Every structure is written in structure tokens, then in C-alpha cells.
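Open the model in your viewer and keep the selection panel at hand. The tour moves from one chain to the interface, then to single residues.

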Amino acid sequence: MMLTDNITSYLLIALFLLIIGIYGMVRHRTFIGMLISGEFILNGAALNFMAFNRFLAPDPAVGQIFTLFIMGIAAAEAAVIVSLILMVYNRYRSIDPAEVDDLKH
Amino acid sequence: MNVYQYMAETGFLLFVAMIACGGFVAMRARYLMNAVLGLSLSLLGVGGLFFYLGSQFLALMQILICIGAICIIIAFGIMVGPKPKQEAERRVVGRRNGLLAIIACLAGAFLLFSAIIGTRWTSAPVRSGDFTVKSLGLSLLHQFCLPFELISVLLLVAIIGALIISDLGRGEPGQ
């Protein structure tokens, strides 16, 4: 039984990353914690793409390029979210998602 | 199996252990900085798995972009941002939320797990085993030229937008 040559092991690791990300997204109390959980989910998706690319796909370049795009979009997303967090902190003096609730009232 | 294959399997298990430890640290950390360190450990493990999946280039890109850029951005966000709330507080959302989160995660994990185990994966009939950086660059500039340009525009817009947004929030506190 070769673990490294089996698509199921990679898919299970990607599933673990997704579950960790969802759990952290629900449990974390700060916007930055939620951003960290989002990075976990994106990396699970990238690992999935690379596993399918290695074992199933006809052209190995496609999955690698898609994974590169996922990384670029994750970097852009992290930059925008961090600047949004700074703006929210300057206005509300808090990065607790439960306290940023002007639209609720 | 010869000794090299055993070494490869051991390295694989090492990377998986890195991913698992980083994930648990990021999930249970009391301080946000520890969560970022757990995230970077986990991303390093994912980069090692990319190496096993046949793409050294993407393993290096994972270290360069994900650890070198994203984790540094998040660390800067923690540093210049809110000081007194760095400690992840436990009181805002109670125990019930955690129970619901565990139930939702277990349900989703069970569904996806049964799907992964139950499926018979069949590969494409004709596959080219060309994992070189040369073929990657060629298809990036021929077949995927438009997405490549679009993502550079997206990065530019994200940089300018981040600068403008972080400048907007300055100077009018407490509104």
C-alpha cells in the first residue's frame, strides 16, 4: 500500500484542511482568525486540484496553472481583507465580528 | 519496496503530520500570532505534498507566495491592528456555537469522506506526463494567456484598492 501514489490519501488531506477551515471560520472571534481559516479552505482546494492533475487529468499543465491562479487570488484577497480590517478597526475600535453590527439595527 | 520508497513514505507522513499539527494549532490557539504560525506550518506541509505530486515549481511557489506573502500580510495586520483584542476571547459566543460547529463539520466530513472512499477514480485515457516548467510556461503564454493577463490586472486592482481603503478609514475614528 503506497500512500504517496494513491489519490485517496491526498483527497483525505484536502478534506481535513477544508474541515479545519470551516470549524475555524465558525469558532474564531476575530476577523483575522476568520481570514486564517479562509486560507486553510483555499489551500485544501489547491491540493485537490493538484491531486486530480497528477493522477487523472490528460494535460498536467492545466491543474498547476489553476493552482497558481488560486495562490494569486488568495494573496490579493488577503491584502484587501487586511486593509478592510484596518478600516473597520479605525471606525469601530474593535475587530470582533459581533460588534460590527450597524446594519442589524 | 526498497529503502528509498520507505524514506519517501516517511517524508510523506512527516508532511501530513506538519499539516495536522499546524491545523490544530491554528484552530485552538489563544493568540492570533500563534494561529498565523500554525497556518504557515500547515502551508509548508502542503508545499511538501505539491513536491510529491510532481511539481517542484509549485512547491517553491507555495513557500514563496503563501508563506512569504500571505502569512506576512496577516502578521502585519495583527501588528498594526488592534492591540488589546489580540487574545482570542471565549465569552462572546458560547458553548452552543462550538457544538453546532462540530456537528456541521462532522456531517460535512462524513458526506465527503463517503464520496471519496466510494468513488472509483478513472484516469484520462491519454495522458502526457510532462511536468516540466517549460511546458507550464508555454501553456501559460499560449493557451491561458487571457487568464494570466486578467490575474495581473486583478492583482493591480487589489493593491490600489487596498491602499485606498486603508487610507479611507484613517482620521475619522469612532463614527
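Buried means under 20% relative accessible area, exposed means over 50%, and partly exposed lies in between (1.4 Å probe, protein chains only). This is a predicted model: local features need pLDDT of at least 70, side-chain atom pairs count only at pLDDT 80 or more, and totals for chains, interfaces and linings use all residues. Residues are numbered from 1 along each chain as its sequence is written, chains are lettered from A and ligands numbered from 1 in the order in which they are written, and side-chain values use heavy atoms, with hydrogens and water left out.

**Stop 1: chain B**

Select chain B. Of its 175 residues, 33% are buried. Colour by secondary structure: there are six helices and zero strands. Helices (H or I, at least four residues) and strands (E, at least two) are DSSP runs, numbered from the N terminus. Contact means heavy atoms within 4.5 Å. Among contacts in chain B with a separation of 6 or more, 58% join residues 24 or more positions apart.

**Stop 2: helix α5 of chain B**

Select residues 133-141 of chain B, helix α5. B:Ser135, B:Leu136, B:Ser139 and B:Leu140 are buried here. Look down the axis of α5(B): the buried residues fall within an arc of 135 degrees, so they line one face of the helix. The arc is that of the directions from the helix axis to the C-beta atoms. Turn to the other side, where B:Lys134 and B:Leu141 are exposed. Now show what covers the buried residues of α5(B): the cover includes α3 of chain A, and α3 (56-80) and α6 (145-168) of chain B.

**Stop 3: the interface**

Show both chains. How many residues does each chain bring to the contact? Chain A gives 73 residues and chain B gives 92 residues. Together they bury about 7300 Å², 77% of it on carbon and sulfur atoms. Buried area is the accessible area (1.4 Å probe) that two parts lose on being put together, summed over both. Pick A:Tyr23, A:Arg29 and A:Met71: in chain A they lose the most area to chain B, together 9% of what that side buries.

Ten residue pairs are in polar contact between chain A and chain B (both at pLDDT 80 or more). A polar contact is a pair of N or O atoms within 3.5 Å; within protein, one must be able to donate a hydrogen and the other to accept it, and residues adjacent in sequence count only if both atoms are side-chain atoms. On the side of chain A that touches chain B, α3(A) supplies the largest share, 25 residues.

**Stop 4**

Select B:Ser42, in helix α2 (residues 32-52) of chain B. B:Ser42 is buried, with a relative accessible area of 1%. Beyond neighbours within four places in sequence, the contacts of B:Ser42 include A:Leu17, A:Phe40 and B:Met18.

Next, go to A:Ile32 in helix α2 of chain A. A:Ile32 is buried at 3% relative accessible area.

**Stop 5: the salt bridge**

A salt bridge is a side-chain nitrogen of Lys or Arg within 4 Å of a carboxyl oxygen of Asp or Glu. The whole structure has one salt bridge over all chains. Select A:Asp5 and A:Arg54: their closest N and O atoms are 3.5 Å apart. A:Asp5 sits in the segment before α1 of chain A and A:Arg54 in helix α2 of chain A, 49 residues apart. A:Asp5 is partly exposed at 48% relative accessibility, and A:Arg54 is partly exposed at 24%.
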